[in-house]
2 protein chains.
Amino acid sequence: MLGTILHGPGDVRCEEVPEPKILLPTDAIIRLSASCICGSDLWPYRGLNDTSQPMAMGHEYCGIVEAVGQDVKTVRPGQFVVGSFCISDNTCPHCRFGFQSSCEKREFMTGAQAPLARVPLADGTLVATAELPSDDLIPSLLATSDVLGTGWYAADAARVQPGSTVVVVGDGAVGLMGVLAAKQKGAARIIAMSRHKTRQDLALEFGATDIVSERGDAGIARIKAMTNSVGADAVLECVGTKESMTQAIKCARPGAMIGYVGVPHGVELDGQELFFSQTGMLGGPAPVRRFLPHLIELVLQRKINPGKVFDLTLPLADVAEGYRAMDERRAIKTLLRVQ
Amino acid sequence: MLGTILHGPGDVRCEEVPEPKILLPTDAIIRLSASCICGSDLWPYRGLNDTSQPMAMGHEYCGIVEAVGQDVKTVRPGQFVVGSFCISDNTCPHCRFGFQSSCEKREFMTGAQAPLARVPLADGTLVATAELPSDDLIPSLLATSDVLGTGWYAADAARVQPGSTVVVVGDGAVGLMGVLAAKQKGAARIIAMSRHKTRQDLALEFGATDIVSERGDAGIARIKAMTNSVGADAVLECVGTKESMTQAIKCARPGAMIGYVGVPHGVELDGQELFFSQTGMLGGPAPVRRFLPHLIELVLQRKINPGKVFDLTLPLADVAEGYRAMDERRAIKTLLRVQ
């Protein structure tokens, strides 16, 4: 079959790869209804991670179960499933605590930018729907697998409450999903920090009540001015740079939590500054599995439409263009037709 | 009257000072039932803070209202009151959010190691009891003013729940109060990290179920061994050094919160490490005012006895010995008889 392999910085190819097989009795093979490119795929693409070995790309997925190993009990061939980008058994103490992304048996999904993929620990990782969903829901169901689940976790970690004033730092796909999540959690005011018209428009569509295009000190001053010098009740940090983290901390009111889901690069936090600002912090790889049943249900009931975050759709053969478009910020997020 | 003045590192004196007066219509003057020395008083005493000007010491207090300014409405002369070490109006947005220690009008109490003290913003800061309490409750009521309130905040910020496994890092007075707070919040297991017999004994009396005397990597290994490699559900960091913070983070399970109340000195947190550990953090000066009514009630009902943390009682005239005893760790916390 065709699959997506990263051979080095900037060198991603759609090429012939072996079909995945059941390797362990807890595996499932799924036929993907669609796949997509994640912002985090751009790190190795940009040479920020090690790329000395060819890498099978893709970790967001949904589709039809093709085969299962002999120990798999909760899903069966023919069912439609969504899984998290974090493989988890969903039974270990970390999973039961709701932090499946730190599962004792955690693996990270790979090879999902392809028509077929192997999902380890299928019982713990996959959530099946009662019926096959309509085709038009596929992009939104695919989004729950990582990008929506991650934005949702940011809002959850930031403890967004009904009536909260929320600031979202970052207008990438995850930040936009954070806006959607804050809206669903009943936030009264959702301030999206964005300088790009298309992303501002999408933020407004997902529930943002205000757009702030300033950054840095000017952005912080705007947020303070908009909140009577108080700051936001909850802040979603969806970038991961030193600048974005500083902005997040300085937009937060004392006692607010920052849910941070952008993997920090070059971020050092001064303990004493954090102490006196009384800013709470909780981040990490999102435990998407915790939220999946709820998010899938919201999509099936057509209460949310996170699939709108995909503003470019390409066939798998054009995956390289999908990476380029996201790298050059011509696209927010690329959906791949893989069948 | 006599009061306590720090003239420079190691040079604290009981000497003649002017009696406090009502300076603003929102002030109260209180006659202290007792006072005490705080661990944080040792910073300037040790020369870690600026001591170029003489400083009136003391910020923990309870006593009888002697006089009030003309705008004070909620307390009146003759009432017994306890106040927080943080002066707050209890009406600003930060106060209403429960973070009175970041009140827009915040001041820090001073001059309370004396028979009389001026309390600004009396209506917001002081909590009066319905009746005059018995004398034997005074040490415990005094403790609510800062040391218990701070330990309580650590447990609150760490989100200790009924059934939680809690680790308390630091066996100073605040750490011991953190043990008491965790017990009151229903923690099933409270592991106090302490190497000192008298403090271990007090921790056990306040509700610790286990003592770990190892520190650093050995201490972390012990906690992991005691929790099936999972880590603690909640960690109270009551020291503020790089070593204690590292220990706290590494004893926490993914998704756990660390409530940190030791003012960080020389603590830098690596964003990416914190991210992948999925450790939550919330700290800062304790919003004691939020907890005061509840804590006072627990003391009046004799459900808690935080006053046991005072293991040395001295007359005000011997305040210098009180500082020395705490500095040399001969005493956990010194109560001062000021009348």
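This is a predicted model: local features need pLDDT of at least 70, side-chain atom pairs count only at pLDDT 80 or more; totals for chains, interfaces and linings use all residues.
1. **How the copies relate.** Chain B superposes on chain A by a rotation of 180° with 0.0 Å of shift along its axis, at an RMSD of 0.0 Å. The two copies are thus related as by a two-fold rotation axis. The same surface serves both copies, since 100% of the contact residues of chain B recur in chain A.

2. **The contact between the chains.** Chain B gives 29 residues to the contact and chain A gives 29 residues. On the side of chain B that touches chain A, at least two residues each come from α2 (93-96), β15, β16 (268-270), α10 (271-277) and β17. By type, the residues on this side of chain B are 15 nonpolar, 11 polar and 3 charged.

3. **The nonpolar core.** The largest nonpolar core has 228 residues. Those with the most contacts inside this core are V166, V168 and V235 of chain A, together with V166, V168 and V235 of chain B. Taking V168(B) as an example, and not counting residues up to four places away in sequence, you will find that V168(B) touches G175(B), G178(B), V179(B), A182(B), I190(B), A192(B), M193(B), L236(B) and C238(B).

4. **A covered helix.** Helix α5 of chain B, residues 147-157, is mostly covered, with 11 of its 11 residues buried. Among the buried residues are W152(B), Y153(B) and D156(B). The cover over α5(B) includes the helices α4 (138-144), α6 (173-184) and α11 (288-300) of chain B. Strands of chain B are also part of that cover, including β14 (232-237), β15 (252-260) and β17 (280-283). Just after α5(B), have a look at R159(B), which takes a positive phi of about 55°.

5. In chain B, 3 strands form an open antiparallel sheet in the order β2-β1-β4. Strands β2 (11-16) and β4 (55-56) stand at the edges with a single partner strand each, so one side of each is left without a neighbour in the sheet. Strand β1(B), residues 2-8, pairs with β2(B) over 6 bridges in the antiparallel sense, and the bridge partner of L2(B) in β2(B) is E16(B). Helix α12 of chain B, residues 319-327, lies across β1 and β2 of chain B and runs at about 160° to β2(B).

6. Strands β1(A) and β2(A), the latter covering residues 11-16, pair in the antiparallel sense over 6 bridges. Here the bridge partner of L2(A) in β2(A) is E16(A). The hairpin has 2 residues between the strands, and G10(A) takes a positive phi near 75°.

7. **T4(A) up close.** T4(A) lies in strand β1 of chain A, residues 2-8. T4(A) counts as buried because it has 27 C-beta neighbours inside 10 Å, against a cut-off of 20 or more. Leaving aside neighbours within four places in sequence, the contacts of T4(A) are V12(A), C14(A), M57(A), G58(A), Q113(A), A114(A) and V319(A). Although T4(A) and M55(A) are 51 residues apart in sequence, their C-alpha atoms are 8.3 Å apart in space.

Key
Residues are numbered from 1 along each chain as its sequence is written. Chains are lettered from A and ligands numbered from 1 in the order in which they are written. A residue is buried if 20 or more other C-beta atoms lie within 10 Å of its own, exposed if 12 or fewer, and partly exposed in between; C-beta atoms are placed from the backbone. Helices (H or I, at least four residues) and strands (E, at least two) are DSSP runs, numbered from the N terminus. Two residues are in contact if their C-beta atoms, placed from the backbone, lie within 7 Å. Ala, Val, Leu, Ile, Met, Phe, Trp, Tyr, Cys and Pro count as nonpolar, Asp, Glu, Lys and Arg as charged, and the others, Gly among them, as polar. A nonpolar core is a set of buried Ala, Val, Leu, Ile, Met, Phe, Trp, Tyr and Cys residues joined through C-beta atoms within 7 Å. Two strands pair if DSSP finds at least two bridges between them. Axes are lines fitted to C-alpha atoms, for helices over the stretch in contact, and angles run from 0 to 180 degrees between N-to-C directions. Copies are superposed by least squares on the C-alpha atoms of residues with pLDDT of at least 70 in both.
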